[in-house]
Each structure stands twice: as C-alpha cells, then as structure tokens.
Amino acid sequence: MSAGEPAAVAAARAALGTPVVAEACGPYQLLTDAAGPLLGGLRELCAGPVTAFESEYRHRFGVAPSEPPAGTLVLFAERRRFQRYVAADPRLPRVAAGFSLALDGLVALPAGERPLAEVAGTLIHELAHLAHRRTFGSPLEPWLSEGLADELGYSAGPDGFASPAGFTGMEGLRTRLRGGYATGRAGPLARLVALPRSSFDRDPVSWDYDQAALFVRFLLLDPELAPRFRAWLAARAAGGTPPPLTAGLGLDEEALESRFRRWLDGPARGGS
Ligand SMILES: [Zn+2]
C-alpha cells in the first residue's frame, strides 16, 4: 500500500474541491485542492519538514522504522470541506485539526485558513503516528504515542526542525500544566502512563496531551534518563515484552515524579 489503502484514499480525494493537485511530497503522495500561495506553502513543507522527517525521527528517538515511509497526505484548502468529509463517514475520528489512519497509510487535515507553521506541526504530528506503526508494529500506549508525536510536531516549522532544547515550542503547554499542578487538578505521571486509549484526554478539562508532550521532552533531555529512555524504546521496537517504564528508567514512581516536577518548575533551559 505504497500510496495508502485505495478505498480510504479515494474517499478522501472525492471530498476535495477541484482541481485536485496530485504530486510527490517527500516520500508520500500529496493530494490537495489548494492553489496559489497556499499550494506554494504546502510545497515548502514537503521540501522542508516532511522530507527531513524520517532522519529526525530516527535521530531524536534512537529507533528506526523497519519499513520505508509511504502513504497519502490529503490536505484540504477549506476547513468546511474537511469537516464535511469527516462528518460523512462515522469511521473517521471526530477531530478538528486533522488525523491519521496508520493502517490505511492516510493523513488528512485542513491546511487553509490557519498559519503555515501550525499546519507543519499538525502534519508532522500525524506523520509520526504513521512512523510509530512502521517502527513499533502494535499500537503504543496513548501517552507515548502522543508524546512522541508532539515532540516532533512542536519542533517542526515550515523550514524543518528545531532541536529539542528546554521548553522550546512547548512554553504554552508548560504554563498550562503548571497551572494544573498548582490547583491540584492535574494527576501524577503514574496515572498518565496507565491510561488506556479509551480514557486518554477524555476528562472535561484534561492535561493529558500537555503532560505527555512535556514528559517525553523531559525524558529526551535528562542526561541520565535519556539513554535509558532510548534503550527502552529500542527494546519496544525490537518486539517482545518491554519492562515497565520505571524499571527501564531505573527510578520508582515517586522519584520520577519529583524529578519531572523539578524540571518543569526549573529554568527554561532545563535539562539540556
Ligand atoms: Zn496524535
């Protein structure tokens, strides 16, 4: 399925306006009804972060997808058309920003009427979900799947990737999560890592995405924990049953929690 599952791709394509531009976007197929400056912007993303994605994923997480990247990116010029497409098929996720179907090799999102930098972030986040499937096979726990995807998404811009440093790209998430802790409403990491997909980000007010993104950033920056985290990811990618995260990191829940909270409250360069 080099360009994605044909029926899923055809349904997404049919929801686009006309004319449809079909061309390569890095290693993927791009289908879009964008024209003019928006199409030019999307081509920038293809030449920038989309092309750089594969080596960035490998470099940052220390794991290599076992299959080459493939699939179709369906980028809608109009949010209205994207919404109509999602509403017409009950199997599609009800999301506003965009989604990926890793099994079908499909990414779809509204690309117009929002800043190009935001489109870059969403697109890269969704490409990470496709890469998770090629790397780990079976689905990851939601905190890990979303945290890794956000790590790349929040680092991506129209030109490529910023290297992970302190809270770069995640300043807003940090402020929000510290607020959640200050009011005692955001739960501990032990809760986050135990969440099944059906409970992730389901509370009326949720810090699950903020916490997952910042926890992964922390694990990649902490000089002592980063090599252990990457080794734990590599063991997951190699198959078999991985040890629990705390065992892989060599810290108990309490020590991990207080170390994370110290980093979160520390200076902005924290951990690097
Ligand atoms: Zn996601």
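In which helix is Asp208 found? Asp208 belongs to helix 8 (residues 208-221), where helices are DSSP runs of H or I with at least four residues, numbered from the N terminus. The model is predicted, so local features need pLDDT of at least 70 and side-chain atom pairs count only at pLDDT 80 or more, whereas totals for chains, interfaces and linings use all residues. Residues are numbered from 1 along each chain as its sequence is written, and side-chain values use heavy atoms, with hydrogens and water left out.

Asp208 is buried, with a relative accessible area of 2%; buried means under 20% relative accessible area with a 1.4 Å probe, protein chains only. Beyond its neighbours within four places in sequence, Asp208 is in contact (heavy atoms within 4.5 Å) with Arg191, Leu192, Leu195, Ser199, Phe200, Asp201 and Arg202. The side chains of Asp208 and Arg191 are joined by a polar contact of 3.0 Å, a polar contact being a pair of N or O atoms within 3.5 Å, of which, within protein, one must be able to donate a hydrogen and the other to accept it; residues adjacent in sequence count only if both atoms are side-chain atoms. A polar atom of the Asp208 side chain also lies 2.6 Å from the backbone nitrogen of Asp201.

Elsewhere, the axes of helix 2 (residues 36-61) and helix 4 (residues 116-136) come within 10 Å and cross at roughly 35°. Axes are lines fitted to C-alpha atoms over the stretch in contact, and angles run from 0 to 180 degrees between N-to-C directions. Residues making this contact include Gly41 and Phe53 of helix 2 and Leu123 and His132 of helix 4.

Definitions and conventions: Helices (H or I, at least four residues) and strands (E, at least two) are DSSP runs, numbered from the N terminus. Buried means under 20% relative accessible area, exposed over 50%, partly exposed in between (1.4 Å probe, protein chains only).
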